[in-house]
Amino acid sequence: MTLWLLTPFETDIVTRALAAGVLAACLCALVGCWVVLRGSVFLGEAMSHGMLPGVAIAALLGGSLMAGGMIAALAMALGIAAIGRSSKLASDTSIGLLLVGMLALGVIIVSRSQSFAVDLTGFLFGDVLGVRSVDLAILAAALVFTLAATVVGHRAFVAVTFDPRKAATLGLRPQFAAVALTVLMAVAMVATFHVVGTLLVLGLLIAPPATALTWARSIPRVMALAALFGSVATYLGLLISWHAGTAGGATIAGVAVLIFFISSAAHLLRSRWKQISATAAVACLAVGCSNGAEPAAPPPATSIGAGDQVVVEGARELDGALTKLVLVDPRTGDTAVYDAVDETETRIESAGPVTSIASDGRFAYLGTDDRTSIVDAGAWTFDHGDHYHYFATEPAVVGTLDLPVASVSASNSITAVVGKKDVQLLDRERLGVKEVEPPPGLEVGDDVAAVVPYGKRLVTVTDAGLFRVVDDAGSTELVGTCPTPSWSMPTRRAVVFGCANGAIRVTGGDGDLTVTAMPFPADAPSQRPPRMDHRDRADVFAGVSEGTVWVLDSRQRKWTVIPVEDALSANTSGDGTILVLHRDGTLSGIDVNTRTQIARVPLFPGGVPADGPHPVIEIDSDRAYVNDAAARQVYEIDYADGLRLARTLRTEVSPGLMVEAGR
């Protein structure tokens, strides 16, 4: 047995092949970890095949095959990036187009040579037993270079992989980090294609890191395990190839993939061993105690996450939330969806001059004098109760409504659009497939002045200030009144209505609803805020009236009134502070409890223009966005870091109106 395991490696050819395979496995482990985590497998495949024209041209000219392959791979990556930024095509479409084009070009070039079959076969499948000492030196140099780049760029690579927006705000230059990862991918492919060929290089680049991710979570451990699995695949592949007479490179890649499936099966068996053991024990007990009677059915196994499947047709689920800004020039109606992560802008068909804008977290509602256009921002968060799901799709125009929007509120399934004289209910799931339809079984009366979806129910306020709850069984009255409702918003646990005498909070979830009054303080100014804003799903609201900022903590049923003479807009950050935009163009942070200013930064050179809509402060869990229409830019503020100006986002559309989506 020992001789069978060691005999192949007594020859120099196989020993060099083993050394080359181990070096390639270590190199691919460092790069493949990022490829798998970033979901760039298709890009890697395209780059591996895209090397063919460069290698072919280098061979015809008598130059370095590796240099030609590197140039072609980088050209492929740049072409994919250019098409992705300049067209409406999805990234996988541009990758597929260039993949086919580059591969066809390479085959055409190679076919003109006299050694077409040999050259193409070696390029695609490699020649691991033909590795020379110079190839080992190149692999070792590539490994050292990649290891150094991985160590130096580790922090930036982690940030750009898991949160590109935060990478930008931390000054880690995510675009440069993404380019660096692409270069490292090209280096790994060019250095290893002599060993296993371009067609099989993904076997080492993808399979060992994917296997390692089954057993480890930290990136260094994943890389170390991937190197180990790749080295084992190299040894076993060469061993099998020697005794079975199969192609060495293909066998190595095949063994690497086989190890992944074996490892996945072992991990699944290990994670469910207790469950399987318990089920088997119950079954055996039932058979043993049945005395010839029909065996009792075993209790159903609990599937972890069985009730946690949220599938959205035509959308992809993400690991975290995206931030999209819907920007509108109110004078012309020019509209764009700005991706704050990639800093890219997608133009949307103009709806004509726009007078108002609202958002339900995914869709933006652009109001004109007599109608509303609905724009899908292409990113949203699904609240699953104890956690969230995040989705993305392409931005698009959904449809129109025959009423100008005043405000919008929504649950996962229902959207309520409140106009100046009318209310329209929409099936939010149907909006996702560009169908503007009402939800089945739900209607509100003509006397409704405000409505907020609360789960699968609607909480409404009539013109007379009376509360009604509407569901598919009809409507019921609630005790309490809200005279002259002015604004309404949902939080994660309640719905809140602004009234002439204060605010009303309605709670209860799926059970009986409770109405809680939150009257204005007795010494509050007589001029009240016409609207309030908050961080999505948060319980604290902020609004502005002449010379005053109003803060409502709806859970504590507490109003705080803060004199601010030149306040234009305000919003809450959720940590006991509010952000206030001043007429002189500065943004300040104010501690609500002490009513004192804790930070202030300049944003608008020369102050905020008097004409046009006031800028707004859109805020999420860690960033705030302020729109500057005159300068055609949006300021991204890290409000947890002393109101640090994290980025200035340049826009093509003059962002006189802005709402945030995706969070």
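Predicted model: local features only at pLDDT ≥ 70, side-chain atom pairs only at ≥ 80, totals over all residues.
Residues are numbered from 1 along each chain as its sequence is written, and side-chain values use heavy atoms, without hydrogens and water.

**Exercise 1.** Describe how helix α2 meets helix α12.

*Solution.* 
- Step 1. Locate the helices: α2 spans residues 12-38 and α12 spans residues 201-215. Helices here are DSSP runs (H or I, at least four residues), numbered from the N terminus.
- Step 2. Take the geometry. The axes, lines fitted to C-alpha atoms over the stretch in contact, with angles from 0 to 180 degrees between N-to-C directions, come within 7 Å and cross at roughly 70°.
- Step 3. Classify the angle. α2 is therefore roughly perpendicular to α12 (65 to 115 degrees).
- Step 4. List the contact (heavy atoms within 4.5 Å). Residues of α2 including Ala24, Cys28 and Gly32 meet residues of α12 including Leu204, Pro209 and Leu213.

**Exercise 2.** Work out the surroundings of threonine 651.

*Solution.* 
- Step 1. Threonine 651 sits in the loop between β32 (644-650) and β33 (657-661). Strands are DSSP runs of E, at least two residues.
- Step 2. Threonine 651 has a relative accessible area of 9%, so it is buried (under 20%, 1.4 Å probe, protein chains only).
- Step 3. Find the side-chain partner. A polar side-chain atom of threonine 651 lies 2.8 Å from the backbone oxygen of valine 653.
- Step 4. Look beyond four places in sequence. Threonine 651 contacts Leu327, Tyr338, Glu345, Arg632, Gln633 and Val634.

Definitions and conventions: Buried < 20%, exposed > 50% of the residue type's maximum accessible area, 1.4 Å probe, protein only. Polar contact = N/O pair within 3.5 Å; in protein donor to acceptor, adjacent residues only side chain to side chain. Parallel < 35°, antiparallel > 145°, perpendicular 65-115°, else oblique.
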